[in-house]
Amino acid sequence: MHERSSVKELANALKRELDRYSHGGKLPSSRALVERFRVSPVTVSRALAQLAAEGLVVTRPGAGAFRAQPRTDPPPPQDTSWQEVTLSADAATELVPRAVDASGVLATLAAPATGVVEFNGGYLHSSLQPEQAMAAALARAGRRPGAWGRPPTDGLPELREWFARGLGDTTGAADVLITAGGQSALTTALRALAPPGAPVLVESPTYPGMLAIARAAGLRPVPVPIDARGVRTELLAAAFQATGARVFVCQPLFQNPTGAVLAPERRPEVLRIARAAGAFVVEDDFARRLVHEDAGPLPRPLAADDHDGVVVHVSSLTKATSPSLRVGMLAARGPVLERLRAIQVVDNFFVPRPLQEAALELVGAPAWNRHLRAVAAELKARRDTMTAALLRHLPELTLPHIPSGGYHLWLRLPDGADEAALFSAALRAGVAVASGRPYFCAEAPAGHVRLSFAGVAGPAEIAEGVRRLRTACDEVLVPGRETVSGPVAAPSRTRTPPS
């Protein structure tokens with residue numbers, strides 16, 4: 001066996017020889033395996049670790065590797081059917097059942113099977129992640145004095161200050177809490193702002209992860225329709241009046257899934273309507289660092305124009321870096337900040353200090369702005385590639401809005417199309433898409449799919465994925481059916497609203 005042989009091949013070779021040794025018997029030394037199979041010590045170490053993980057061998061430091069004792073038969077399955085009664089009894093007394101359908105969230109988290117084109121991802125492909133910059137930042141962070149000690153519960157002051165600078169003059173470092181990513185921040189915000197059973201207003205459609213958070217907290221999501229210019233403010237005012245809600249959750253910039261940007265004239269209206277209702281606006285600013293190269297100047301966060309403490313702002317570094325860099329923030333002003341702080345501390349104690357130090361090193365390095373520029377250029381190129389492929393090969397899918405930020409496109413299916421059948425047919429064809437139904441908390445007005453262009457390797461994979469989706473549509477969509485396709489909008493240009 002040559003040096004280039006894989007760890008897997010060596011592990012399989014050792015497996016075939018395990019019967020030569022009695023249970024508890026010692027395997028040849030690592031040096032002997034290196035000489036015999038002509039591999040490196042690292043390959044031997046990893047192969048033995050794989051066998052140990054499978055329960056076939058036991059490694060003892062300083063003594064070597066030994067064949068594991070035979071496994072005992074697993075205990076018979078226990079009867080847990082009593083739990084159905086208990087959980088159902090609890091649900092009968094709840095104003096809003098806390099059973100959560102996590103399928104919409106899992107669709108963006110689960111890695112697809114080998115060979116499947118990932119149009120359902122929620123994160124940047126590894127080729128777009130700043131892996132070298134993150135590795136260097138983590139190495140520098142680990143050498144910082146006190147890097148492995150207990151951090152302040154609110155987060156490192158320097159990191160809080162960095163986040164606060166993005167929110168204008170209305171917010172300072174003292175108003176910011178560091179969180180374990182955006183999802184954790186949203187969970188804290190909803191728990192702090194609404195009691196179980198209360199209504200919470202949400203954009204329709206909206207991010208399934210937020211709907212899952214609300215339902216897990218026993219809240220009742222109430223949809224407020226949006227259009228290409230963001231939430232329809234006349235319906236927002238009516239929803240506050242009809243429900244008595246005290247919370248509205250929104251994504252004003254590159255909304256998920258539609259990509260809409262809240263129009264300049266609607267921004268002050270949202271704040272005015274919420275203030276009149278005595279309500280909070282939870283602003284999920286998840287996509288600010290996923291702007292496309294052609295977007296133009298971005299509007300400020302709603303929090304930057306909030307002078308009454310209406311906005312609870314949520315942001316994160318995760319989307320623009322890596323799924324594992326789970327560092328985010330909550331920002332609020334007034335008494336609500338203390339409630340947010342208390343829930344954050346009880347739930348998490350604090351975000352691990354090495355992760356905060358690494359985030360601080362990353363955003364302070366010259367490589368950070370280079371990374372953001374590269375992502376902006378690449379996302380625009382991928383968006384254009386996917387849009388062109390859809391127009392050419394799938395004209396029956398309506399694409400009403402081409403966003404200038406974010407990582408996905410939102411398409412409407414022809415009237416009468418079976419969304420679930422298309423989702424399944426796409427998987428059979430080798431492409432994973434996000435079904436539109438989980439993005440609605442009430443009845444969906446039509447079938448939709450969301451296609452992500454950030455989680456694939458590049459333009460060739462986008463083209464192949466659209467080709468496979470064409471195959472799925474040919475299987476599911478009724479031939480000759482009248483479609484609702486129309487002209488595709490030009491990419492919107494996001495402009496800073498007048499002050």
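Modeller: Buried means under 20% relative accessible area, exposed over 50% and partly exposed in between, with a 1.4 Å probe and protein chains only. The model is predicted, so local features need pLDDT of at least 70 and side-chain atom pairs count only at pLDDT 80 or more, while totals for chains, interfaces and linings use all residues. Residues are numbered from 1 along each chain as its sequence is written, and side-chain values use heavy atoms, leaving out hydrogens and water.

Biologist: Why is phenylalanine 440 called buried?

Modeller: Phenylalanine 440 has a relative accessible area of 6%, and the limit is under 20%; therefore the residue counts as buried.

Biologist: What makes tryptophan 410 and phenylalanine 440 an aromatic pair, and why is the pair called tilted?

Modeller: Rings of Phe, Tyr and Trp (its six-membered ring) pair if their centres lie within 6.5 Å; planes under 30 degrees apart count as stacked, over 60 as edge-to-face and the rest as tilted. Here the centres are 6.2 Å apart and the planes make 40°, so the pair qualifies and is tilted.

Biologist: Why is this pair said to tie together parts 30 residues apart in sequence?

Modeller: Tryptophan 410 lies in strand E12 and phenylalanine 440 in the loop between strands E14 (434-435) and E15 (448-452), so the pair links those parts. Strands here are DSSP runs (E, at least two residues), numbered from the N terminus. Trp410, Tyr439 and Phe440 form one aromatic cluster.

Key. Helices (H or I, at least four residues) and strands (E, at least two) are DSSP runs, numbered from the N terminus.
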